[in-house]
Amino acid sequence: MSPLGILRRHRVAALLGAALIISPAVVSLAQNAGNGGLSNVVATTQTPVAGITAPNGSFAPTVAATKPAVVTVTTVMKAQPEVMSEGSPDGSPFGGNSPFDDYFHQFFGDQGMPAPKTPPQQQSPRAEALGSGFIVSADGTIVTNNHVVDGATSIKVTLDDGTELPAKLVGHDAKNDLAVLKIKANKALPTIKWGDSDKLMTGDQVLAIGNPFGIGTTVTAGIVSARGRDLHSGPFDDFIQIDAPINHGNSGGPLVDVSGNVVGINTAIYSPNGGSVGVGFAIPSDQAEKVVAKLMKGGDIEYGYLGVEIQPVTPDVANAIGLDHPGGALVSQVNDGSPAAKAGIESGDVITGFAGQDVKDPKDLSRAVADVAPGARETLDVWRKGKAAQISVDVGRNSDDVKTASTGNSSAPGTEQGSRAPAIGLGLMDITSDIRQQMNLPETEHGAVVASVNPDKPAATAGIQPGDVIVAVNQAPVKSAKQVTQAISQAGKSGRKSVLLLVERGDTQIYVAVPFANG
């Protein structure tokens with residue numbers, strides 16, 4: 001089993017299952033009982049406790065204030081065929097089918113993960129799953145992970161005092177992996193307050209609260225190990241990495257600071273063995289709070305959509321296109337009929353701002369566009385062929401089968417050696433009718449086919465491969481191997497340190513900045 005995976009729900013016939021896992025981990029969510037007594041939590045005297053500095057020598061005041069608002073979430077799933085294989089109590093290495101199956105295959109497919117065995121299917125009479133959550137309002141509004149409740153036919157919440165209550169799903173968002181539940185308790189319930197995750201620094205103390213393995217509400221302590229982790233599980237990955245132990249059943253539980261405020265929602269772990277190894281991940285509260293506020297109004301969330309393939313602007317790319325510093329999102333391809341295409345966005349544009357916000361990298365653009373309501377008219381700041389410009393765009397709706405921005409990488413067949421481009425180590429060929437047929441290229445395809453790559457030259461280091469088709473050099477279209485060679489040579493004579501190639505590989509276009517060799 002590969003060591004990294006998104007928290008998955010275990011489905012066990014007639015038994016209480018675990019939750020979701022990014023390899024095999026699951027996290028739980030906990031809430032606190034309000035602000036009572038929190039003024040005394042943080043003291044000036046810091047005493048080492050079990051290798052961690054705790055206020056007043058103990059985290060007990062923080063736990064007392066937060067634990068009553070943490071709940072256990074139990075779901076019942078539809079009976080369905082189970083594909084049994086070795087590796088887990090129910091036979092499945094990931095615990096059965098879940099909405100994350102496609103993600104696992106995509107994320108682990110290139111990492112040598114063996115395919116599971118697929119014996120005959122068996123019918124599960126009942127499947128249950130376990131996670132955690134926390135109460136954010138006294139009327140019974142609860143936050144948890146979407147993967148904890150996804151596909152559930154019924155949801156039950158167990159309060160800290162043991163009270164069991166049915167829960168209703170108010171809203172959910174798979175892209176952010178968040179869900180909001182509602183229970184009726186006929187009394188005011190203890191709550192936990194949102195904290196400010198933006199103020200978290202590497203090394204800050206945190207507590208994770210949840211119900212691992214269904215043994216009961218459990219508190220673990222640790223520190224913030226890193227910020228801004230991208231697990232490639234969705235467009236909004238910005239995880240807080242922690243070393244506080246979290247396990248199956250912790251999914252959806254709160255990560256709290258020493259003042260008892262929620263700074264994250266425990267969601268996933270890195271695990272080579274299915275248990276905690278001190279590498280966990282939580283959704284930042286500043287991200288979660290905004291999504292939860294929308295979900296509390298009911299239903300799903302619609303995200304904005306541009307329809308561009310984008311990539312980072314490296315120093316070599318910036319130099320090749322005349323930008324004074326690397327930054328922004330380089331458009332490698334514009335999807336036909338997309339809002340970006342209708343607005344006039346072109347391949348080779350560098351988007352440096354969106355809706356008044358600076359765009360420092362592709363992730364900035366993806367998040368900014370996704371946060372805009374479909375139909376809104378926004379302004380893009382663009383660097384195009386050495387000049388700054390502004391373009392208005394009508395933001396579209398991002399459905400489940402499209403991405404605001406993405407990158408791709410596929411292979412193409414090799415070809416024979418031809419003319420050699422100067423300084424960077426490429427052998428090029430014109431696109432003849434035979435090559436067009438062999439490579440299944442459309443009649444409209446023009447450029448030069450990469451026939452060979454010198455492994456000791458910069459083109460190989462930059463990732464150019466035999467079979468790539470070069471369609472533009474320094475943002476100018478090319479139609480032949482000779483034009484490519486001339487354009488690269490001209491770029492070298494102009495004093496540029498690198499040349500920018502637009503490369504087509506399969507169905508994907510990507511810009512590659514290739515530095516010139518010395519001598």
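Biologist: What is the mean pLDDT of the protein chain?

Modeller: In this predicted model, local features need pLDDT of at least 70 and side-chain atom pairs count only at pLDDT 80 or more, while totals for chains, interfaces and linings use all residues. Residues are numbered from 1 along each chain as its sequence is written, and side-chain values use heavy atoms, with hydrogens and water left out. pLDDT is the predictor's confidence in each residue, from 0 to 100; 73% of the residues of the protein chain reach 70 or more, and the mean is 77.

Biologist: In what order do the 6 strands close into a barrel?

Modeller: Two strands pair if DSSP finds at least two bridges between them. In the barrel the pairing is antiparallel, and the order is S12-S13-S14-S17-S16-S15.

Biologist: Which residue in S17 stands opposite Ile240?

Modeller: Strand S14 (residues 239-242) and strand S17 (residues 280-284) run antiparallel and are joined by 3 bridges. Opposite Ile240, the residue in S17 is Ala282.

Biologist: At about how many degrees does H4 run to S17?

Modeller: Axes are lines fitted to C-alpha atoms, for helices over the stretch in contact (heavy atoms within 4.5 Å). Angles run from 0 to 180 degrees between N-to-C directions. H4 lies across strand S16 (262-269) and S17, and its angle to S17 is about 50 degrees.

Biologist: Which residue in the turn between S9 and S10 has a positive phi?

Modeller: S9 pairs in the antiparallel sense with strand S4 (residues 70-77) over 6 bridges, and with strand S10 (residues 164-173) over 4 bridges. In the second pairing, Thr158 has Glu164 as its bridge partner. S9 and S10 form a hairpin with 5 residues between them, and the residue with a positive phi, of about 95 degrees, is Gly162.

Biologist: Which element gives the largest share of the lining of the second largest pocket?

Modeller: The second largest pocket is lined by 26 residues, and among those nearest its centre are Asp286, Lys290 and Arg367. Elements that give two or more residues to this lining are helix H4 (285-295), strand S22 (357-358) and helix H7 (362-370). The largest share, 5 residues, comes from H4.

Key. On a 1 Å grid over the protein atoms alone, a cavity is a set of points where a 1.4 Å probe fits but cannot get out, and a pocket is an open set with protein on both sides within 12 Å along at least five of seven lines; lining residues have an atom within 4 Å of a point.
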